[in-house]
Amino acid sequence: MTVIAWDGKTLAADKRATSVGNPATTTKIFRLKNGCLVGMCGDADAGRVLIDWFEVGAHPSTFPDNRDSDNRCRVVLLIITPDRKVHQLQRTHRLVTFEDKFTAIGSGRDYALAAMHLGFDALKAVEVACALDVDCGNGIDLLEFAS
């Protein structure tokens, strides 16, 4: 359970994680060596594997299986390239590109999107989601590109 929001300038994420129903605190957004900003939503271990795969070149033949037994996606990556293009990586090695001004993923997505539609930035969007979604919280991390 997560909320990650991108407003065109800032990538913001809550820090709440759960493990067998127990709350924990973790980081969900990262700056990669290739200059991309990335956020992960879903199974943390599968997310790290997918981030590592992406960071070392994203070769299609080595794509890690990202599906559970019901063929559902185990983790979604929100990838922001240095030129500020927005992509998601889900069940296959193919990036899905989004052209919207802002975006959000995770269980708090709808709250974050509503806040950004009302003119708030990603930080405020994640704050709103954390206030309204019981599965979001434990602090907020922020990443931006250098100007």
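**Sheet pairing and salt bridges in the predicted model**

Strands β6 (residues 37-42) and β7 (residues 75-80) pair in the antiparallel sense over six bridges. Here, two strands count as paired if DSSP finds at least two bridges between them, and both helices (H or I, at least four residues) and strands (E, at least two) are DSSP runs numbered from the N terminus. Within this pairing, C41 has V76 of β7 as its bridge partner. The structure is a predicted model, in which local features need pLDDT of at least 70 and side-chain atom pairs count only at pLDDT 80 or more, while totals for chains, interfaces and linings use all residues. Residues are numbered from 1 along each chain as its sequence is written, and side-chain values use heavy atoms, with hydrogens and water left out.

The two strands belong to an open sheet of five, ordered β5-β6-β7-β8-β9, with antiparallel pairing. At the edges lie β5 (29-31) and β9 (95-98), each of which pairs on one side only. From one strand to the next, the twist averages 25°; axes are lines fitted to C-alpha atoms, for helices over the stretch in contact, and angles run from 0 to 180 degrees between N-to-C directions. Helix α1 (residues 44-55) packs on this sheet and touches β5, β6, β7, β8 (86-89) and β9, contact meaning heavy atoms within 4.5 Å. The direction of α1 makes about 40° with that of β7.

Turning to charged side chains, the structure holds eleven salt bridges, each defined as a side-chain nitrogen of Lys or Arg within 4 Å of a carboxyl oxygen of Asp or Glu. One of them joins D141 to K15, with the closest N and O atoms 2.9 Å apart. D141 lies in strand β11 (residues 140-144) and K15 in the loop between β2 (10-14) and β3 (16-19), so this pair ties together parts that are 126 residues apart in sequence. K15 is buried, at a relative accessible area of 15% (buried means under 20%, exposed over 50%, partly exposed in between, with a 1.4 Å probe and protein chains only).

Other salt bridges lie within helices. In α1, R48 and D52 are four residues apart, or about one helical turn, and their closest N and O atoms are 3.4 Å apart. R48 is partly exposed at 32% relative accessibility, as is D52 at 39%. In helix α3 (residues 122-132), K124 and E127 are three residues apart, about one turn, and form a salt bridge with closest N and O atoms 3.4 Å apart. K124 is partly exposed at 35%, and E127 is partly exposed at 35%. Finally, salt bridges link D43, D45 and R74 in a network.
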